[in-house]
Amino acid sequence: MNLRDSLRLRLLAGSLVWIVVTLTVTGFVLTDLFRQHVAARFEAELQGHLDQLAAVFEFAEDGMPRLRAELSDPRLRLPYSGLYWQIDRAANGAAVGVLRSRSLWDSTLTVPADALADGQAHVHRVDGPDAAQLVMVERMIRPASRPETAYRLIVAADERAMTEPVAAFVGLLVRALAILAAGLVALVALQLYLGLMPLRRMREALATVRAGRSRQLAGRYPQEVQPLVDELNTLLRHDAEVVARARTQAGNLAHAVKTPLAILANAASREQGEFSRLVAEQAAIARRQVDYHLARARAAAATLVPGMHTPLRPALEGLVRVMRRLHAERELEIDVAQVPDKLGFAGEEQDLHEMLGNLLDNACKWARQRVVVNASLEGRTLAVRIDDDGPGLAPAEREAVFARGARADEQVPGSGLGLAIVRDLAHLYGGDVHLDVAPQGGLRVTLTLPAA
Amino acid sequence: MRILVVEDEHVLAAQLCEALSEAGYAVDVAHNGLDGYHLGAEESVDAVVLDLGLPHMDGITMLTKWRAAGRDMPVLILTARDDWHQKVAGIDAGADDYVTKPFHMEELLARVRALIRRAGGHASATLHCGPLTLDTRAGRLTIEGRAVPLTSHEYRVLAYLMHHTGEVVSRTELTEHIYAQDYDRDSNTIEVFIGRLRKKLPPGMIETVRGLGYRLVDGK
């Protein structure tokens, strides 16, 4: 799925970008703040040790420098513990490591060469014993009792004491931010799901319209979507009205043209001679033309309107009542008992009546005693089978009866357009009509249509 | 037998009237829905030929109202609206047959004849009563195989009696079913036709039921 094609993907990608950027910046800022804090604390601690060292530093009676008391931190007595002090003589016979902490054991701290004013403190980073990186604080003091000498007091600590808490903090921070990011992404996804729900509902409503289960998009939608839904419903209604108008006009035209045709044909049939024969013939031709084009006009309006659902069984039963009247003299048995109740056609009732009416009428014209209708659902296709026990049709004749105006037998009344119209209508709906042999030996007509 | 034709196209109505009269029916014609409705609701008609698209009241409404009022005469819808949807609507409104325009007059006549016959409970187009055989298709009477000529009014009276063999038929009823509404009716003329028929039929077949009317019996 392309980013351009999906609203949800676009919104999700946008949210993802800002979540990642915000949390990354937050991570860096927090880490830096923490690192600064830890470094300040670390140096303050070293400074504290240095102050304590300076406080206990004195000279013995023999003039040798010494400490009045042991420094309190136990790490200073543990070899290579990571915390060290050292006192160098900086003037009047310079010497490194005049005094040093027990933790330095047999090594000394090397101070980078620098000029240090009295009382001034410096911070350095140096290599210490045990290949550790040390942070070192030094201060030059000049004891009041011996102003000619200067001493460099040094306190150093392993840098890891500072970096390890920072690393631990970063690890924790990254995990916390990752969890936060995951939570935010989940929330954004949920928000998108809920926010785009009306669109999904609209799509489902449209699907039911297309499937013929509904004629309008039902339900209330948020005010951002409702205008679109209203427009769609208006469009659907408009389509239905256009179709209804087309049908009414076709009906009116039928009435307007066929009544004069009836009058002409009746007048002609009362007279003898060439002229009346011509009128009768031309009236018959005109009737066929009108029948054909009216049927086409009705059919053309057929599939324009989505959202149709016509139950099969009631339509068939209505037609059977008609057939019992129209073919009352034949005393036929017309059986639709096998047709399941639930089947429906995804189209106009008028069109279903037109197709089944023509097929049933044909079957009743040709049947000897019995017409049987059955129907089944084959996937998304509705298959209606109409069997008669009449003479049937030879395979060679079967295609010919679909020809416009063809009739298998001129003795049986009808305009001969029935099957052609049924096939046109069925094709418009994406269905078809097949002729075959019925189990009783007559004709079986199978009409396939989209199911609803 | 009296037929009501409801058809707003005058020429076609006249053609129907002419063909039905020639076939031996008394014919009433209405050119709009309201007139048609009142004729069908109030007059004794034996069958109706009904157009659907009519001024003032459409055919389906008319038919529905007749049926609701208990009028059960056979009704044949004659219309240009030939879609099956309309046919279902027409039959479900109470029509007994449905013919679409343009039509063959012979077919229409055959269907009207069949409707009247079935309404009387007769299975065949040929009615029998004792030695009498009335072929309603040809409008011909034979007595024991011998053709007997009848005038149109004699035929109508006999046809009505034969559709109601064994029943007492009043003079008024006969008048109503033999004459169209706008015909100058005179129930005394019924007696004239009965008298003429009695001369042509074997004796005793048309009984007079005093104060009630006439009855056709099979004479055995």
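Colleague: What share of the contacts in chain B with a separation of 6 or more comes from residues 24 or more positions apart?

Modeller: Their share is 59%. Contact means heavy atoms within 4.5 Å. This is a predicted model, where local features need pLDDT of at least 70, side-chain atom pairs count only at pLDDT 80 or more, and totals for chains, interfaces and linings use all residues. Residues are numbered from 1 along each chain as its sequence is written, chains are lettered from A and ligands numbered from 1 in the order in which they are written, and side-chain values use heavy atoms, leaving out hydrogens and water.

Colleague: How many helices and strands does chain B have?

Modeller: Chain B has eight helices and 12 strands. Both are DSSP runs, numbered from the N terminus: helices are H or I with at least four residues, strands are E with at least two.

Colleague: What percentage of the 220 residues in chain B is buried?

Modeller: Buried residues make up 54%. Buried means under 20% relative accessible area, exposed over 50%, and partly exposed in between, with a 1.4 Å probe and protein chains only.

Colleague: Where is the cis peptide bond in chain B?

Modeller: The cis bond joins B:Lys101 and B:Pro102, with omega about -10 degrees. B:Pro102 lies in the loop between β5 (97-100) and α5 (105-119).

Colleague: Why is A:Leu33 called exposed?

Modeller: A:Leu33 has 51% relative accessibility, and the cut-off is over 50%, so A:Leu33 counts as exposed. A:Leu33 sits in helix α1 (residues 7-56) of chain A.

Colleague: Why does A:Tyr80 count as partly exposed?

Modeller: Its value is 34%, between 20% and 50%, so A:Tyr80 is partly exposed. A:Tyr80 is in the loop between β2 (65-67) and β3 (83-89) of chain A. What else marks A:Tyr80? A:Tyr80 is not a glycine, yet its phi is positive, about 50 degrees.
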